[in-house]
Amino acid sequence: MTEEVILRTESEEETHALGVRLGLVLLGGERIGLSGELGAGKTCLVRGIAEGLGVPGDPVRSPSFTLMAIYEGGRRPLYHLDLFRLLPGALDRLALREYLYGDGIAVIEWFERLGEPLEDFLEISMTFVGADSRRLVARGHGLRYAPLLDALREAEQKRLSRRGAKKEKKYR
Ligand SMILES: Nc1ncnc2c1ncn2[C@@H]1O[C@H](COP(=O)(O)OP(=O)(O)OP(=O)(O)O)[C@@H](O)[C@H]1O
Ligand SMILES: [Mg+2]
């Protein structure tokens, strides 16, 4: 069964905050596949996930030149992969499996380039709506992603009610 949550963020901070929400409920063993054009906010979301997981130190940067960055020191290891610059055939899939299907959390930017479909994962696609506005669609492939989808749904409901409250103030 595939469950879907649609969200909107209006700033880098809001996307980061969504990442933190996800990071807080991650247990280990999850995969999160991120898709979306350059600058959509994938790395921004990963930075939030790292924070939610309690990863100490410098914030996450894009690992484009190394393919993968490992962040230890949080509740679980975080494996941040960015496959944008991947050359066809260059991926050692067998070696990657250790990270994709281990006890940590694998977050994969441009996951479509993996070359083999992920089976059990949370898919988040991000699209531009405006300069600072993004639409996110989260889909859970597998039962273990229900808590993550719940966290996202709750965050979106809070955002909408905040916005509603703001609008009301304006009209008063
Ligand atoms: N709502 C938003 N959410 C996230 N980032 C936003 C938002 N609005 C504006 N931005 C800006 O968009 C950029 C997102 O950059 P980021 O590196 O996270 O994108 P990316 O999807 O990882 O790109 P790439 O494919 O190059 O890795 C940042 O400069 C950020 O300030
Ligand atoms: Mg990125």
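**A loop residue and the strands beside it**

Modeller: Trp110 is found in the loop between β5 and β6; helices (H or I, at least four residues) and strands (E, at least two) are DSSP runs, numbered from the N terminus. The model is a predicted one, in which local features need pLDDT of at least 70 and side-chain atom pairs count only at pLDDT 80 or more, while totals for chains, interfaces and linings use all residues. Residues are numbered from 1 along each chain as its sequence is written, and chains are lettered from A and ligands numbered from 1 in the order in which they are written.

Although Trp110 is not a glycine, its phi is positive, at about 60°. Trp110 counts as partly exposed because it has 19 C-beta neighbours inside 10 Å. On this scale a residue is buried if 20 or more other C-beta atoms lie within 10 Å of its own, exposed if 12 or fewer, and partly exposed in between, with C-beta atoms placed from the backbone.

Strand β2 itself is mostly covered, as four of its five residues are buried.

Leaving aside its neighbours within four places in sequence, Val107 is in contact (C-beta atoms, placed from the backbone, within 7 Å) with Ile32, Leu34, Val46, Ile49, Leu78 and His80. A nonpolar core is a set of buried Ala, Val, Leu, Ile, Met, Phe, Trp, Tyr and Cys residues joined through C-beta atoms within 7 Å. In the largest such core, which has 35 residues, Val107 is one of those that touch the most other members, together with Ile49, Ala50 and Leu78. Helix α2 gives this core its largest share, six residues.

Helix α2 (42-53) and helix α1 (12-25) are also the elements that give two or more residues to the shell around ligand 1.

Terms used:
Contact = placed C-beta atoms within 7 Å.
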